[in-house]
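Please examine the sequence and the structure shown below. The briefing that follows describes how parts of this model touch one another.

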Amino acid sequence: MNIPTELRYAASHEWAKNENGTVRVGVSDHAQHEITDVVHVELPAVGKTVEQGQPCAVVESVKAAFDIYAPVSGTIIAVNEKLSGSPELVNQSPYKDGFFFVIKASDITQLNALMSADDYQKNLAH
Amino acid sequence: MEYIPSNPAEVKEMLASIGASGIDELFAPIPASARIEKLHLPDGISEHALVKRFQTLAAKNRSLDNLVCFRGAGVYDHFIPTLVEDIISRPEFYTAYTPYQAEASQGTLQTIFEYQSMICALTGLDVANASLYDGATAVAEAVLLAMRTSGRSSVILSAGIHPEYREVVATYLQGIASEIVTIPLVNGATPAAALKQAINEKTAAIVIQSPNFVGTVEEMAVVGTLAAANNALFIAVVNPISLGLLASPQEVGAHIAVGEGQALGNPSGMGGFSFGFMACRKELSWKMPGRIVGQTTDTQGRRGFVLTLQSREQHIRREKATSNICTNAALNALAGCVYMSGWGPDGLRTIAYTNAQKCRYAFEKIIAVPGFSPAFANQIFFNECAVKTTKNIQHLQKLLLKNGILGPMGLARWYPEFADVVLFCVTEIRTKEEIDRLVEVLKQA
């Protein structure tokens, strides 16, 4: 299972990448594997305020629909436009081309509340 | 399917598990006054006598089989070619239950895909669903769709929308933070000035029916422009037969087109059962309610059909689903599909023109009869026209019935301001003789 070490992880399987105060967000390889074929992603509007731990997007697969929770609070400054035409990018490239959105964090230290790659891996083992 | 009832031991176990002492206890909440201890049925009669009794009762009904119909108001007497019954009565269609599994029901899925394609061709919009219950709920679903998409809570409805459709919209919006703004008719049409006045940043959609309930063909393009300028959706409620003649919803800037499908190959019945249709622009397809059939290829590259975009629906999205609806009116929509397919675009155009021409012929003759005049100055109508009368409308209806005619719909029931107005409907099925005879009877009123 691919769990990049430079990312932080939420218990709800979102990954967060600090890019100089803005945080890129997606779902982990484990998550895309469990969700199975993604058919649609409902992304938040650019400019929307989000709160850490609150649902702000929905990913739909042939199996079920899942809430995506904001890993940090802030404002959505970008969304992955490619997902509307190619939702399968979430499965094919969960950490790169299949990202969901980018948040301008109101408090970047909130990332500390998330898990390291190691802790996330241990979490998965339960 | 065999029914295997529970045996006494199982019943005892189930009762014990829920803590009930006996089956009677389960009926305790029903008040004694509402319980039937004994059914006092008369003695049995012979099958022949029974059949005769019901035939006598049924004979008291009069139907469009024996009445000449000049009434519409949402349900229309059109000619249904035998081809329709021929196809829909096939057992594969008529008796199938929920036949949507791709591996077992390619035929059904194909017909639904064809139906959807025809609705798209008729409305000019990109995506259609597999049908809804009826026109009223289709309008309500379109309103919910607009609210969902825009995140806004106010909706503008023209008073020209079928009054019962508006009641259903109000029912659907119960319990949801929402606002319905109703625009009254002026000279039988929706005034654009009032729409401009009413629209604001909270408006999710403007809903206009054309032809409207009083028969007027509304100015639709101006509504499209207004909606677009305010980032609101334009929902067009349309008569599918009229689309053989009038500009399509797409052409007038509608985002969603809905309506009652009964006029397409379904009998008037008793006002139902029938189907509702919905088509919308591509960008709304993921928020659309109802089943949607899609075309695809199998592992061997052969064309096939499947239910698609299913994650919108309840079995996947559960409480976040786009709608409660998890079905479609397959047989009725199939009748509509066969009807449209049989006539084709040219046939539908001819039918629409014939409706308009015959209604115009009837209108001119009716208003020439003393006591009858146009209800709305220069009304542009399709196959229903509003006529003001000095006659007692109830007496008029009785006189017409006595002459084997189902007369025009009185508007007093829903529009107190139009208490002296009746709505005449003339479809392609009415002959010149029937219309002339109607006029003769009106002269006697």
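**Briefing on domains and chain contacts**

The centres of domain 1 of chain B and domain 2 of chain B, taken over C-alpha atoms, are separated by 28 Å. The structure is a predicted model, in which local features need pLDDT of at least 70, side-chain atom pairs count only at pLDDT 80 or more, and totals for chains, interfaces and linings use all residues. Residues are numbered from 1 along each chain as its sequence is written, while chains are lettered from A and ligands numbered from 1 in the order in which they are written.

**Domains of chain B**

- Domain 1 of chain B covers 68-79 + 346-443, and domain 2 covers 82-338; such bounds come from an automatic or database domain assignment.
- The contact takes 26 residues from domain 1 of chain B and 21 residues from domain 2 of chain B, where two residues are in contact if their C-beta atoms, placed from the backbone, lie within 7 Å.
- On the side of domain 1 of chain B that touches domain 2 of chain B, α12 (330-367) and β12 (384-389) of chain B are the elements that give two or more residues. Helices (H or I, at least four residues) and strands (E, at least two) are DSSP runs, numbered from the N terminus.
- The largest share of that side, 7 residues, comes from α12(B).
- The residues of this side of domain 1 of chain B divide into 19 nonpolar, 4 polar and 3 charged. Ala, Val, Leu, Ile, Met, Phe, Trp, Tyr, Cys and Pro count as nonpolar, Asp, Glu, Lys and Arg as charged, and the others, Gly among them, as polar.

**Contact between chains A and B**

- In chain A, 8 residues are in contact with 5 residues of chain B.
- β4 (38-42) and β6 (55-61) of chain A each supply at least two residues of the side of chain A that touches chain B, and β6(A) gives the most, with 3 residues.
- That side of chain A consists of 5 nonpolar, 2 polar and 1 charged residues.
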